[in-house]
Structure formats: structure tokens, C-alpha cells
Amino acid sequence: REAQNGISPNYIHSLDASHMFLTILGLHDEGCDSYSFIHDSYGVHAPMVDRLRNITKREFVSIHSHNQLDILRNQLQEYLGLDLPPVPSTGELDITKVLESEYFFH
């Protein structure tokens, strides 16, 4: 029962961790080697804040441009050999609007 109750928050946490990891890689690629990450709190020195903001948004869009729940469903079906019901529709959300958001990350 605990495993069943824990899968949703653990899955979301894994997506958050992946986002953090990709953000760190993006910062490294831009020459930043001094940063602080604690759970969902990201920090860099003041001259790198705009780069951090842009990389954070870019990597979020990169991850969530794909239906992660559908990917998980397909992986579970293959691994467990089950036929699982389809995931809910994602609707009309344009995830790329995050790139224009002033307050997505602040």
C-alpha cells in the first residue's frame, strides 16, 4: 500500500530532479562552475542569474514538451507486460509559453 501511495510523489520528484540535473549541465556548458541547488531552490552568483533563469525555463520546456506520463505508461507496459489504460489528455496547454514567462523562475 505504501508503494502505491508513494509512486505519484516519487515520480514527480524524479522529474524535478531531472530538471535540476539538466539545469546544472546547462550552467556548466555556459561556463558556470559555482552554484547552489537544494531541492527546488536554485542559486548562482548575481552575474549568472539571467542565464540560470533562461536555462531553467529551456530545460523545463525540453522535459515537458513530451508527455512524460505516456512515456512512463509505455515503459511500465513493456516492463510488466500489462495493457494499461491510456493516460489523460494533455489539453491545449502550450508549454513553450514558459519561455516567455517573467515569473516562471524568480
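Modeller: One term comes before the rest: helices are DSSP runs of H or I with at least four residues, strands are runs of E with at least two, and both are numbered from the N terminus. With that naming, L93 has its place in the segment after α3. The model is a predicted one.

Colleague: Why is L93 called exposed?

Modeller: The relative accessible area of L93 is 69%. Exposed means over 50%, so L93 is exposed. As for position, L93 and V44 are 49 residues apart in sequence and 30 Å apart in space, C-alpha to C-alpha.

Colleague: What makes T23 buried?

Modeller: T23 is found in helix α1. Its relative accessible area is 0%, and buried means under 20%, so T23 is buried.

Colleague: Which residues does T23 touch, leaving out those up to four places away in sequence?

Modeller: T23 touches F37, Y42, L52, I55, T56 and E59. A contact needs heavy atoms within 4.5 Å. The C-alpha atoms of T23 and L52 lie 7.7 Å apart, although the two are 29 residues apart in sequence.

Colleague: How do you know that the length of helix α1 is close to what is expected?

Modeller: Helix α1 covers residues 2-29, which is 28 residues. The expected span is 1.5 Å times one less than the number of residues, and for α1 that comes to 40 Å. From first C-alpha to last, α1 reaches 40 Å, so its length is close to the expected one.

Colleague: Where does α1 have a kink?

Modeller: The kink lies at S8, shortly before the proline P9, and is about 35 degrees. That angle is taken between axes fitted to the seven residues ending at a residue and the seven starting there.

Colleague: Which residues of α1 are buried, and what do they pack against?

Modeller: The buried ones are G6, Y11, L15, H19, M20, T23, G26 and L27. Together they pack against β1 (35-38), β2 (41-44), α2 (49-64) and α3 (68-80). After α1 comes G31, whose phi is positive, near 90 degrees.

Colleague: What makes β1 and β2 a pair of strands?

Modeller: Two strands pair if there are at least two bridges between them. Four bridges join β1 to β2, so they pair, and they run antiparallel. F37 stands opposite Y42 in β2. The hairpin has two residues between the strands, and H39 in it takes a positive phi near 55 degrees.

Colleague: How many aromatic pairs are there?

Modeller: The count comes to three. One of them is Y35 with F37, at 5.6 Å centre to centre and 75 degrees between the planes.

Colleague: Why is the pair of Y35 and F37 called edge-to-face?

Modeller: The centres must lie within 6.5 Å, and planes over 60 degrees apart count as edge-to-face. At 5.6 Å and 75 degrees, Y35 and F37 therefore form an edge-to-face pair.

Colleague: What makes the pair of F37 and Y42 tilted?

Modeller: Stacked needs planes under 30 degrees apart and edge-to-face needs over 60, while the rest are tilted. F37 and Y42 have 55 degrees between the planes and 4.6 Å between the centres, so they are a tilted pair. Y35, F37 and Y42 form one aromatic cluster.

Colleague: Are Y35 and F37 buried, exposed or partly exposed?

Modeller: F37 has a relative accessible area of 17%, which is under 20%, so F37 is buried. Y35 has 34%, between 20% and 50%, so Y35 is partly exposed. Y42 is buried, as is F37.

Colleague: Why do E30 and R51 count as a salt bridge?

Modeller: The N to O distance between their side chains is 3.7 Å. The cut-off is within 4 Å, so E30 and R51 form a salt bridge. The pair links distant parts of the chain: E30 is in the loop between α1 and β1, and R51 is in helix α2, 21 residues apart. Both are partly exposed, E30 at 37% and R51 at 38%.

Colleague: How many salt bridges are there?

Modeller: There are four. Among them is D50 with R53, at 2.9 Å; both lie in α2, three residues apart, about one turn of the helix. Another is E100 with K97, at 3.9 Å, which is within 4 Å and therefore counts.

Definitions and conventions: Residues numbered from 1 in each chain as written. Predicted model: local features only at pLDDT ≥ 70, side-chain atom pairs only at ≥ 80, totals over all residues. Heavy atoms only, no water. Phe/Tyr/Trp six-rings, centres within 6.5 Å; stacked < 30°, edge-to-face > 60°. Buried < 20%, exposed > 50% of the residue type's maximum accessible area, 1.4 Å probe, protein only.
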